[in-house]
Structures are given as C-alpha cells and as structure tokens.
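Dear colleague,

Please find below the structure that I am handing over to you. A summary of the findings follows it.

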Amino acid sequence: MTDSEAFEAFVAAWHPRLLRAAILISGDRHLAEDVLQDALIKLARRWSNVHTDPVNYVRTTLYRDVASTWRRRREFAYGEPPDQADHDPSGASDLKVVFARALARLPVKQRAVLVLRFYEDLPVGEVAAILRVSSGTVKSQTHAALKRLREVAPELEEVLI
C-alpha cells in the first residue's frame, strides 16, 4: 500500500469519529470541519514521519488548533444543536441536547478533557500527552468540568460520573 493509499484509508476510517470529537470540542460544526480539515492537511504533509501513530497526531493537532482558534476569537461557542426530527420516547435525545448545550458552556480546555477522557475513552496519561499538560491538570480539569456540568445542567446528575 502506498503512502497515499494508507493516508486515504486512515481518513476514511477515522473521519467520522474525529469530526464528532471536533464538534464536541468546538461547539460549532463549521469550525470543527475547518479545524479537522486543517489537521488532516498537516497530517498529510507529515505522513511519512507520523504514519505509525496518525490518530494521536491528528488529535493533538485538532485540540490545540481548536484552543488556538478560541483564544484568537476570545468567545465561547454557544451554538444550538439542531432540532431532532423524530421524537425519542426514551428521552435519550432530550438528554443528548441538554448535554450538548451544557458542554458548549464549558471553556475549551475543559471540553477537550471531557471529550478525550469520556468520548474518546483515553487514559489520563494519554490525554495529558495530547494536550501537553500534566496528569494532575487533566484530573483537575476533569473535576472542574464535571462540577460545572452539574451546575449548568442539574438534569444530567444521574448520568454524570
């Protein structure tokens, strides 16, 4: 398999999951698409050097670029999630909407920690390496983010750790 084919296979396999993570981090689908595209371009340029661990390279680039974009804009993304077309009798859809709104109210670093820890299911050490912070920072940011989620969305108490 050539480098080009390997890169295309990686993008095909990982794009949906990375896009969802980027949306959760940024709170804005359009920004997430742009940042992910930029991260994949950076990966393509360095493919021969990072092809053995492209996922972590993209994750690191993605999360750092979202944070950088946020710092430049100095505003929070409070985008409203789209309305659900069909009604979910179990209430899971309602819970997802509440969670997405609450997550959007957190600072970028706290969103990144929660997404990496619980959506991507990564251990503390790996999250610390991706965000280039200490393990203690990951733990304290996780604690602060969960506390803030409980404050802004008390209806999530049952599902939060």
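Predicted model: local features only at pLDDT ≥ 70, side-chain atom pairs only at ≥ 80, totals over all residues.

Aromatic pairs

Three aromatic pairs are present in the structure. In one of them, the ring centres of Phe7 and Trp47 are 5.5 Å apart and the planes stand at 80°, so this pair is edge-to-face. Phe7 belongs to helix H1 (residues 3–26) and Trp47 to helix H2 (residues 29–50), so the pair ties together parts that are 40 residues apart in sequence. Phe7 and Trp47 are both buried.

Phe10 and Trp14 form a stacked pair, with 6.4 Å from centre to centre and 25° between the planes. These two residues are four apart in helix H1 and are therefore separated by about one helical turn. Phe10 has a relative accessibility of 7% and so counts as buried, whereas Trp14, at 26%, is partly exposed. Ring pairs join Phe7, Phe10, Trp14 and Trp47 into a cluster.

A further aromatic residue, Phe118, has Arg117 over the face of its ring, at 5.4 Å from the ring centre.

Helix H7

Helix H7 has 18 residues, and its first and last C-alpha atoms are 26 Å apart, close to the 26 Å expected at 1.5 Å a residue. Its buried residues are Val138, Gln141, Thr142, Ala145, Leu146, Leu149 and Val152. Because these cover an arc of only 130° around the axis, they lie on the same side of H7. Lys139 and His143 are exposed on the other side of the helix.

Lys139 is located in H7, which spans residues 135–152. With a relative accessibility of 54%, Lys139 lies above the 50% cut-off and therefore counts as exposed. Its C-alpha atom is 9.3 Å from that of Ala128, a residue 11 positions away along the chain.

Glu120

Is Glu120 buried or exposed? Glu120 has a relative accessible area of 3%, which means that this residue is buried. Glu120 is placed in the loop between helix H5 (108–119) and helix H6 (124–131). Its side chain makes a polar contact with the side chain of Arg17, at 3.3 Å. Leaving aside residues up to four places away in sequence, Glu120 touches Arg17, Ala21, Arg59, Tyr63 and Val115.

With kind regards

Technical notes:
Residues numbered from 1 in each chain as written. Heavy atoms only, no water. Buried < 20%, exposed > 50% of the residue type's maximum accessible area, 1.4 Å probe, protein only. Polar contact = N/O pair within 3.5 Å; in protein donor to acceptor, adjacent residues only side chain to side chain. Contact = heavy atoms within 4.5 Å. Expected span 1.5 Å × (residues − 1). Arc of directions from axis to C-beta. Phe/Tyr/Trp six-rings, centres within 6.5 Å; stacked < 30°, edge-to-face > 60°. Lys NZ or Arg CZ within 6 Å of the ring centre and 35° of its normal.
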